[in-house]
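Reader: Hi! I'd like to go through this model with you before I set anything up. Could you put it on screen?

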Amino acid sequence: MPDDALFLISIIALPFLGSFIAALLPTNARNAEAWLAGLVSVGVVAIAISFRPVLAAGNVVRAEYAWLPEFGLNFILRLDGLAWSFVVLIGGIGFLVVLYARYYMSPADPAPRFFAFLLAFMGAMLGIVVSGNLIQLVVFWELTSIFSFLLISYWNHNQTARDGARVALTVTAAGGLCLLAAMLLLGRIVGSFDLETVLTSGPRIVSHPLYLTMLILFALGVLTKSAQFPFHFWLPRAMVAPTPVSAYLHSATMVKAGVFLLARFWPAMAGHEYWFWIFAPIGVATLLIGAFMALFQQDLKGLLAYSTISHLGLITLLLGLGSPLAAVAAIFHIMNHATFKASLFMAAGIIDHEAGTRDVRRLGGLYRAMPITALLATVAAAAMAGVPLLNGFLSKEMFFAETIESHVDTVLDKALPYIATIAGVFSVAYSLRLIHQVFFGPPAKDLPRQPHDPVLWMLLPVALLVLICLLVGILPGPTIGNFLAMAVHATLGPQTPTYSLAVWHGFTPALFMSGVAMIGGVALYFALQRYLSGDVEGVPILGALKGKRLFERALVFLSWRWARELEQNAGTTRLQPQMRLLVCVTIAAALWSLFSRPGSLDFTWPSSADPAFVLVWLVGGICAVAAAYQAKYHRLVSLILTGGAGLATCITFAWLSAPDLALTQLLVEIVTTVLILLGLRWLPKRIEGLDPDMTPKARLRRVRDLLIAVAGGAGLAALSYTVLTWPIGNSIASNFLERAYTEGGGRNVVNVILVDFRGFDTFGEIAVLAIASITVFSLLRRFRPARDSIELPAQKSFQNRFDADRYTGGKDPLSAHYMIVPGLIMRLLFPVIAMTAAFLFMRGHDLPGGGFVAGLTLAIAFILQYMAGGTRWAEARLRVLPARWMGFGLLAAAATGAGAWFFGRPFLTSAFAYADIPILGKVPMASALFFDLGVFSVVVGATVLILIALAHQALRVQRVSSDAAAAPPTEGSR
Amino acid sequence: MNGLQTLPAWAEILVAILVVLGSGLALIGSIGLVRFRSFYERVHAPTLGSTLGTASILLASIAFFSLTRTRPFVHELLIGLFVTVTTPVTLLMLVQATIYRDRLEGRDPLARREDES
């Protein structure tokens, strides 16, 4: 059934696609955004409805795509009755929320961000419910956490919004990690990540020794998401989100994901006492605490938030009871709660929107000003309270009936009917308070705005939801009966009990409990009315129970104090210990691998050598050793000697017929020497013989460091010698040589290896290069030199003074005097060097050259311009934007690589052809050339960025020192 | 080296003379660098190699490759051009630095030369 698979994937793909489009629309396109989002949600619901006949027959629609088949992981979509009802809920309420949001959001709010996040969230949520694979489910689960974070912090200029979003993300994402662990364990227990298999292997799961561990992790994931006590604190804090977001996240989606998962895995996991002992007590506690705290909220949305917590506690309790009938009640209540809570949130948003406040105490008598809103909200609140003839009554009565039944014979079980009734009392009381205090009583006087009913389109979603509440409440059988049956059957399978959906069951104990709750609630409210209208903030008794405070304390400890201590005890900011550790670990690793496989290091000394070659090496070696010897006090000398050693290496490459390497080495030597030379000035001064009476301890330390250094250096030398003299044998090199032209289209094997055979490595390397140069740049931006190197060196200031005395008329002594001739030559050479770079680049595929070498060459041209005229001169004439060069380079390389996909080849497959260009004749055109262009661009950008960083360091420090010293006028001309 | 056999005897002699001349000039320049005492004298010595010496070697190269291959090769002219253009830059910068240094240390560069030679 390919059509089914297509439709099934569209359920997830549509919202994400819509989100992508929504993000690209202009900021003020509210109508277009709303149309798009509305169409997407309607589309999702329509697809779901088209599947109904198949599902009603008890089938399951499945689509499977290969994802990571090597690990037994496939991307599986699975739609059954339960998932179907959630898809309809998410899509349907999503549509109403979009309609509502169109009129709720102010024109000043950026519409693309809102609708893009909302659609992406919808997609993630749909992904959870139709996932047929455990790991895939967790991925979507975490996506909902991330998008809910973005939605809650939508008004990100608001500190509380950011805080609330962060708390929500921390709690739910941490829960998600626990869930991932649980799913991995579950997959291990069952032996498959396929949901189908998991659902049918209940007995095996329950009897497994890892069951309890898995269940606790699972519970952590589910309970955090569904805001169960003691993790409930994130939900009220998330009320800073725009009201459409609250209406969506906290009625039909986000928090329902937790209970959805409970229902989903109910047949697989519920068959054990542990299930009851984890979920029932937490459900009871949440039910009671939520209901109690809701009564004392002064913020409309806060009240709704705590009532949501309480209702989720009820659902968790029902699912935790472990009886099939209770599970039916839970699924039914999930649907009912979604409808009435969404409408109530929207009503609260309307009140906030029209009256300008959500404080229950300030509102009052609003039914005169906004009669339609009042009517709708009253009906919805009545449904929440469980008034007969409304949907809330039905599921609540099922709940009451279920609490009377005995499940696990314990005190908790016996006390359940009483606890349920008390919770019912509170539920009635807060629902009544919501309506009575807002819409009735004396009219409010000092409202920020003059309230009136909103536009019809804003009321429509509320009205539709309330209509559903009424219809389901009065005629449950014909309206929701089929859907509920489908969901229940899909969840419970053969365990499906017989249940009755009638409004009237006769005089049952449940009805009696409902009555008690109703009367008790009304009485409680009127008893507390005076207290609640007074100046009370916070909740009595339970006010001290601050989950949030605990959470923040924990965060401070984890991410600040402990981290700090660990850093202080185990880390160091000094370079020397770090280097020492690094070298010691390297030596140890080398020795370990040497002695674990003994006899692998054997030297074969060369039998004969060319005397000239030996001489070159002798010079190189002496240079290297002398450089190390001079490094402490004579840095310039040391740098020159390093250059000598580098030249020896360069000659070696040329000698051994590696012109490519020789060329690269030469250019690298030049660039590094110049850049280090520029940086040398900022190193602090060393004064020879500063410490004549060194303590024996310091002496000992130096000897130790010397030993470590010699061991490291000699070890590395020995190692490279061994590798270089290794018998070549059957290596990969011959393979490269054979295939360079036939498959890579180039005669320069080195270049073909770089841009084609090992193109992915090169891609990684240029990325590293870009990162490294940005790091250098950022480090230098923050760099403050030592005090004694801020001032100009004595020689330089002498020179400036001398020039100023002699050439008083000159504007700029630097370019006016001794740099005239060299500067002119350097300037004139710029196009020549750039041309050389182009030449090296173009011929790279067949002859020595290529992107890297060409990039270095062009960088040298830039360096020369900076040297010739100074930073300001060069930048006034030649603006290099290194970040763009690097960005372009990385993108070009990636795009070339990705281009291969369009031809059905793997990433970075190269294609080549010869192009006939007039005058130049046949020119090899390999797609690798564009990749090489990327390499070239990144190299230029990275090198010039470091150059600019160093050059600006000099400018900045001059400015600082001249400001501080109130420099004489001659200095200012510099 | 391929094509060496096809080279006529007079050409071989010409190329050999040019190469020996060039490298000899470079050697003399290097010896001068070691032997001269003052900086201002020393900077002159290596120019022997970078001017006439380079020219000889380049001529030898042009002659050799043009005679062994079928067509004239004149790439070396570019090398000559660039060496001629860039070498003075180094020289100028070095001498400038030395002059400033002498001034800083209170010596007159001109007087010093007379002292030492």
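Reader: Great. What kind of model is it, and what is the mean pLDDT of chain A?

Author: It is a predicted model. Chain A has a mean pLDDT of 84, and 90% of its residues reach 70 or more.

Reader: Where in chain A does pLDDT stay under 50?

Author: That happens over residues 966-974 of chain A, where the model has eight contacts beyond four places in sequence. Where pLDDT is low, the predicted coordinates should not be read in detail.

Reader: Noted. How many helices and strands are there in chain A?

Author: Chain A has 39 helices and four strands. Of its 974 residues, 44% are buried. Among the contacts in chain A with a separation of 6 or more, 79% are between residues 24 or more positions apart.

Reader: Which residues have the most contacts inside the largest nonpolar core?

Author: They are A:Val87, A:Ile152, A:Leu318 and A:Ala380, in a core of 219 residues. Helix H16 of chain A, residues 324-355, gives the most to this core, with 21 residues. Another core lies apart from it, with 56 residues that include A:Trp885 and A:Val935.

Reader: And what does A:Ala380 touch?

Author: Leaving out residues up to four places away in sequence, A:Ala380 touches A:Phe340, A:Ser343, A:Leu344, A:Ala347, A:Val466 and A:Cys469.

Reader: You mentioned H16. I was looking at A:Asp352; where does it lie?

Author: A:Asp352 is in helix H16 of chain A. It counts as partly exposed because 18 other C-beta atoms lie within 10 Å, while a buried residue needs 20 or more.

Reader: What does A:Asp352 touch?

Author: Its contacts are A:Thr243 and A:Arg358, not counting residues up to four places away in sequence. A:Thr243 is 109 residues from A:Asp352 in sequence, yet the C-alpha to C-alpha distance is 9.1 Å.

Reader: Let's switch to helix geometry. How far does H15 of chain A reach from its first C-alpha to its last?

Author: Helix H15 has 22 residues, 300-321, and reaches 32 Å, close to the 32 Å expected at 1.5 Å a residue. As 22 of the 22 residues of H15(A) are buried, the helix is largely enclosed by the rest of the structure. Just after H15(A) comes A:Gly322, with a positive phi of about 85°.

Reader: How far apart are the end C-alpha atoms of H5 in chain A?

Author: They are 27 Å apart, which agrees with the 27 Å that the 19 residues of H5, 134-152, should span at 1.5 Å a residue. Buried residues of H5(A) include A:Leu134, A:Trp141, A:Phe147 and A:Ile152. A:Ile152 is also one of those with the most contacts inside the largest nonpolar core.

Reader: Is A:Ala227 buried or exposed?

Author: A:Ala227 counts as buried because it has 28 C-beta neighbours inside 10 Å. A:Leu389 also has a positive phi, near 75°, and lies in the loop between H18 and H19 of chain A. With 15 C-beta neighbours inside 10 Å, A:Leu389 counts as partly exposed.

Reader: Now chain B. What does its secondary structure come to?

Author: Five helices and zero strands. Of the 117 residues of chain B, 12% count as buried.

Reader: Where does UniProt place the "transmembrane region" feature in chain B?

Author: The unreviewed UniProt entry puts it at residues 13-36, 48-67 and 73-95. In the model, residues 13-36 are 96% helix, with end C-alpha atoms 34 Å apart. Residues 73-95 are 91% helix, and their end C-alpha atoms are 37 Å apart.

Technical notes
Residues are numbered from 1 along each chain as its sequence is written. Chains are lettered from A and ligands numbered from 1 in the order in which they are written. This is a predicted model: local features need pLDDT of at least 70, side-chain atom pairs count only at pLDDT 80 or more; totals for chains, interfaces and linings use all residues. pLDDT is the predictor's confidence in each residue, from 0 to 100. Two residues are in contact if their C-beta atoms, placed from the backbone, lie within 7 Å. Helices (H or I, at least four residues) and strands (E, at least two) are DSSP runs, numbered from the N terminus. The expected span of a helix is 1.5 Å times one less than its number of residues. A nonpolar core is a set of buried Ala, Val, Leu, Ile, Met, Phe, Trp, Tyr and Cys residues joined through C-beta atoms within 7 Å. UniProt positions are given in the numbering used here, feature names are shortened, and annotations may be inferred rather than shown by experiment.
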